[in-house]
Every structure is written in structure tokens, then in C-alpha cells.
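Hi,

Have a look at it first, then read on.

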Amino acid sequence: MLSFKGFSCKFVIVIWNMAETFTYKAFGLIIKSDFEIPELLVFKGLPDVQIKSGKAPVQLKEITKYGVKYQAAKNEFLLEVDHIAKYYVNDGAQIVVEPYKGAVDKEVRLFLLGSAFGALFLQRGLLPVHGSTVKFGNSATIFTGLSGVGKSSIAAYFVSKGYHVLADDISVVNHKLEVVPGFPNMKIWNDVLQKLDINEKSLAEIRPNMKKFQLPVNDNYFNEALALKNIVIIITKNSPGFEYEELSGIKKFNAIKSNTYRYRFVQALEQQLDHFQLLNKLLPEIKVYKVTRPQSPLSLSEFGNFLINTMKLNV
Amino acid sequence: MYKKNIIWLASYPKSGNTWFRIFLTNLLSDSDTPANINDLTETSISSSRKIFDEYTGLSSSDLTFEEIDRMRPDVYRMQSLESDELLFKKVHDKYYSIENDQALFPAEISKGVIYFIRNPLDVLVSFAYHSARPVNKMISTLNDSNYAFCDNKDKLQNQLRQIIGSWSDHVKSWAEQTNIPVHVVRYEDMVNSTFDSFSKAVKFIGLKKTETEISDAIKMSDFSVLANQEKKDGFKEKTIKSKSFFREGKIGDWRNHPEEIIMKEIIANHKDVMMKFGYLNSKNKSVF
């Protein structure tokens, strides 16, 4: 009798654990997850996307395109990050996460909120732009460009000056041509934290032993979709001073195309048509600037002032 | 299954690699006017973050140097697989193996490597100008076995980390490896016997080009053409601190720097390799 009671008690606990779920809103989507994702904002409602911990397929049945660490087909995407996790994204509605034994939770979430989400957005026909979004006036400006060019740095600078961000690293544009808010967390390297006088000791590293930190921006996070007004493509040059050029025509189109987050996924997921149509709808409504800054040393305040004054961002 | 369609253009910095890339661009283009020095595409650099991120589907900025190195061979394999043409890739990394004795630059996709070598005494002076550092401060760099590009752990740099090592480490790593056919080109021969030196390299690559085509490409890549283009429009591979990328290109420029002690230190550290490639005579004096 005692043992029966013990058994039933244990059984109830297991059921309770399995049933625990978390619901969030990020990038305009209600996301239900069976594990906690503390980076995201808690929300209630019927989910658009389910994130499950489980077994990912070993291989996709029909593969359109391979990457070194991914395979893709129409509506299916499988990503593997060695020693961390496998991520299976399908129909823009579900992500199955299979962590490797011993993987650190925040590392599992890092690639979930990065490449796996990127594939999810493309499957849903959204436009993920590689960059960070800041609110100026009542509209959104995306800072984009190659890795290492200073997209997050300039956004973090604007946060330090009291502006609000909507997204860091991936900025998602919806069919209403708005940037939808992502989540209130930025990833910032140690050198930029020092420039902004932020003590890294109070921050968590994005991965153990990496000098890149999670910077929570709760008070400077804007949690509503905003009309996209400008896309600023940052590039570097090896001479002093700043320059800018407003792009038009094919240059404007190609600039956004090549700064789409993981453009190779677009072809791999057979989303070229949706991507092309959304871009064509968007381009007449926004301004696209190419801004050139000196490689180094970069004064974030000079760069910030140049951007505000030249693009009249505060007007 | 694999195609041997990659030619690595490898060198220690400031050794003639860029000159040769411009020559190749001119040789492979049909144009009668010199190629723009700023059109040497970023994607042809083997340490490109953009290519790595696109091909892996991951952000290199979220990965450790070691994780990136483990994936780099597959990035090159995939580029090789997707190309029906010869691919030329500039490399400043030394040749080395990652875990399980796997080479960073896989032999099965490599048609060959052209290794550019230059008198380290002139490399020292040129590298010092390029980095806007005093010549005597640069000497430790050439002797540093742990020297690397883009290895700062506190910030995100624009290219992937490249392990370079000391000047001798670098030369030996490429010239002595036996997995990829290697053709060594001395910078001094590129300057003194230009046609002969460039023709041999073209033959090694396996390109079928006439003597006239090679001569024309050499003319369009002349130092004065490159320096003028840089003067007019700048060159994006220059560092912000240096005055110009195409500076002198002279052989024996080190003799204009009277730091005999520094030169002795370079010779003391790199004597064997200098001797092997004809930079020192039997009396341990620089040939150039």
C-alpha cells in the first residue's frame, strides 16, 4: 500500500513537470515553449509557434540545400551546433530543440534565438534583416552591415543616450512594413561596454569564457511594432571622417537583399518569391543609406551625432 | 567526389600577395583597362566572416576561435563543391592542423598553393610602415611564434582569427608541407624577373595564357598603376594608420634603416630559412 502511494505520488510529479509550459511574445509572435527562455517577455494567448524539447530528425527527407551546419527544404530546416544542440524548424510553427548531453542552457538558447529563429521568420514569409533597430521619433531605423561593423555598438550607444531599441542582431519586418519588437536583451562585446562605461562584472557572458555579454535593456526597450523609416548600412573605410549616400534603384534593392539575415536560407527554404515581394513592397516606403565610418578609432558619440544630424533621425 | 579547384595564395604579410592577386584579376578579365584595385572581392579572402557565416548558417561572432577553426575546412569544401571554376583564395594563416590531424586547408579540394616569400629584412620595414609602428618595434612580431591577426578576445574584429606565427614558422609551414602541391615565388624574382616569375606561376596554376596576355596583365598591374589608383581612390586593404599600401615595393629598402642590431636579430632568428631561400650568402650577409 505504501509503495503504491509512493508510486502514484512520483507519477503525479512527472505529469506536472511535463505539463509545465512557458508562453512569451517576441518578434510579433506568441511562442509557447516547454522550457524556460528567460530572455523573452512573458505573455498570454494562443501560440503561433511551439518550441519543444525533443528528438530532432537525423536528416531531412528531401533536401533543397545544404550548409556546413544545416540542411533545408521547403518548410523544413535542420541546424546542428556541435556539442550544443540540434534545432529542427518546420512550417514556421514549430521548433524542436535537442540539446547535447552536458550542453549549457544559455548556449542552447543563444543559437535558438539566432539562426533557428532566422529560419522560422523566413518560413513565415517575414523579412529578417541582420541588424539592430532603434526608435527615433515615432518610427524605426535599422542599422545593418557586415559582422563586426558596429551594428549593436551604435544601438547600445543610443540606448546609453536614452533612446529605445526594438531588436538586436535580427530585426524582423512584417507585412505591414513595421519592425516588430524582438526581446529586451542585447549582445555586446567588452570593448564597447568599456566605451559606454558599463561594468561587465554585473553582466552575464553569452557563453562561458567569451568576452561578449548579455546586456538587458528593459527600461529602454520599445515593445510595440513601429513603421520602418530608414535602413542604414554601415561600412568601414581606412580614412578619417564619415560619409553617407542615399541609395536608390537596384543598389537599394541589392543592399537590403544582401543584408537579409542568412540570405542563403532564403534560397534553401524556397522563399525567394515571398522575400522578393516583401522587399519590393517595402523599398518605396523607406529610405536606405550607406554610411561609411573610419575603421578605427571609432568615437561612438561622433558617429551617433553624425547619424542623427545627417539623417535627421530626431525629426 | 571532391574537385581539386582551389588555389591558395599564401604568404606572410607584405610579401607580394596583393600584387599577384591584382595581376590575376587583370589576367582573367577581358578588359583592356587595368582592373580596379578595390574590386578584389572581399569574398576571396579565406578569413572572411561573411562567407563563414553564410556557409555555416551560424554567427562566427557567437563562436570561439577553436570552434571556427573546426568548421573552416568544411566551409572551403562547400565552396569548392559549389564552384565549377578555379577559386583563388588569399591566405595569411600559416598551414596547420586542427584536431584529429585535419588540416585547416583540405588537400582533397586543393589544386595547389602559391607561396609568396620576401626577404624578411624588407618585410620588417614594409610591415612596420603598414602598421604605422617603428621598425625596431616590429621585430618582435616577426620573431613571435604566437603572432596572429584578429585574435583580440575583447572585441569583434572584421575577419576570422588567423594564426600566423613567426616569419620562419610561416614559411616552413607552407613550403615544407607535402599535402598540397606548392610553388614558391620570391618577391625579389617578381620584381627582377617579372615575366619569367609570373609565367611560371601561371603555368603552375594550369592557366592557358599566351605570352602577350601575360605581358599585358603585368603592364596593367605595374606598381605605378597601382600607386596612382590608390592615390586617386584609396585602397581598402590599407590600414587606417598607414599613409599608403603601395608604398615603395623596393628591394633592399631595409638598408635605408641603419638599425644594424635589429637586422642582426632578424638574421639570428631566421638564418636557416633565409639561407634556404637564397636571402643569405655563405658569410651570413643579406643577398638583397
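**Helices packing in chain B**

Let me start with helix α5 (residues 135–143) of chain B, which packs with α11(B) at an angle of about 5°, their axes 10 Å apart. That makes α5(B) roughly parallel to α11(B). A few terms, while we're here: helices (H or I, at least four residues) and strands (E, at least two) are DSSP runs, numbered from the N terminus. Axes are lines fitted to C-alpha atoms, for helices over the stretch in contact, and angles run from 0 to 180 degrees between N-to-C directions. Angles under 35 degrees count as roughly parallel, over 145 as roughly antiparallel, 65 to 115 as roughly perpendicular and the rest as oblique.

Before going further, please keep in mind that this is a predicted model: local features need pLDDT of at least 70, side-chain atom pairs count only at pLDDT 80 or more, and totals for chains, interfaces and linings use all residues. Residues are numbered from 1 along each chain as its sequence is written, while chains are lettered from A and ligands numbered from 1 in the order in which they are written.

Back to that pair: V135(B), N136(B), I139(B), L142(B) and N143(B) of α5(B) meet I262(B), E265(B), I266(B) and N269(B) of α11(B). Sorted by class, the contact has five nonpolar, three polar and one charged residues. (Ala, Val, Leu, Ile, Met, Phe, Trp, Tyr, Cys and Pro count as nonpolar, Asp, Glu, Lys and Arg as charged, and the others, Gly among them, as polar; two residues are in contact if their C-beta atoms, placed from the backbone, lie within 7 Å.)

Helix α11 (residues 260–276) of chain B also has helix α6 (residues 167–175) of chain B beside it: their axes come within 9 Å and cross at roughly 20°. So α6(B) and α11(B) are roughly parallel to each other too. On the α6(B) side the contact involves W167(B), S168(B), V171(B) and K172(B), and on the α11(B) side N269(B), H270(B) and V273(B). That gives three nonpolar, three polar and one charged residues.

**Buried spots in chain B**

Which residues of α2(B) are buried? They are R49(B), I51(B), F52(B), D53(B), Y55(B) and T56(B). "Buried" is for 20 or more other C-beta atoms within 10 Å of a residue's own, "exposed" for 12 or fewer and "partly exposed" for in between, with C-beta atoms placed from the backbone. Since six of the eight residues of α2(B) are buried, this helix is largely enclosed by the rest of the structure. Its buried residues pack against α3 of chain B. Just after α2(B) comes G57(B), with a positive phi of about 80°.

A35(B) sits in the loop between α1 (17–28) and α2 of chain B. A35(B) is buried, with 22 other C-beta atoms within 10 Å. Setting aside neighbours within four places in sequence, A35(B) is in contact with I22(B), T25(B), N26(B) and S29(B).

**Where the two chains meet**

In all, 28 residues of chain B are in contact with 27 residues of chain A. The largest share of chain B's side, six residues, comes from α2(B). By class, that side has seven nonpolar, 10 polar and 11 charged residues.

**Over to chain A**

Chain A is divided into domain 1 (20–124) and domain 2 (128–310), with bounds that come from an automatic or database domain assignment. The domain centres, taken over C-alpha atoms, are 23 Å apart. Across the boundary, 22 residues of domain 1 are in contact with 23 residues of domain 2. Helix α2 (residues 105–123) of chain A supplies the largest share of the domain 1 side, nine residues. That side has 12 nonpolar, six polar and four charged residues.

Helix α3 (residues 151–160) and helix α8 (residues 300–310) of chain A pack at about 85°, with their axes 10 Å apart. That makes α3(A) roughly perpendicular to α8(A). Here S153(A), I154(A), Y157(A) and F158(A) of α3(A) meet L300(A), F303(A) and G304(A) of α8(A). The contact has five nonpolar, two polar and no charged residues.

Leaving out residues up to four places away in sequence, K212(A) touches K187(A), I188(A), W189(A), E205(A) and I206(A).

Cheers
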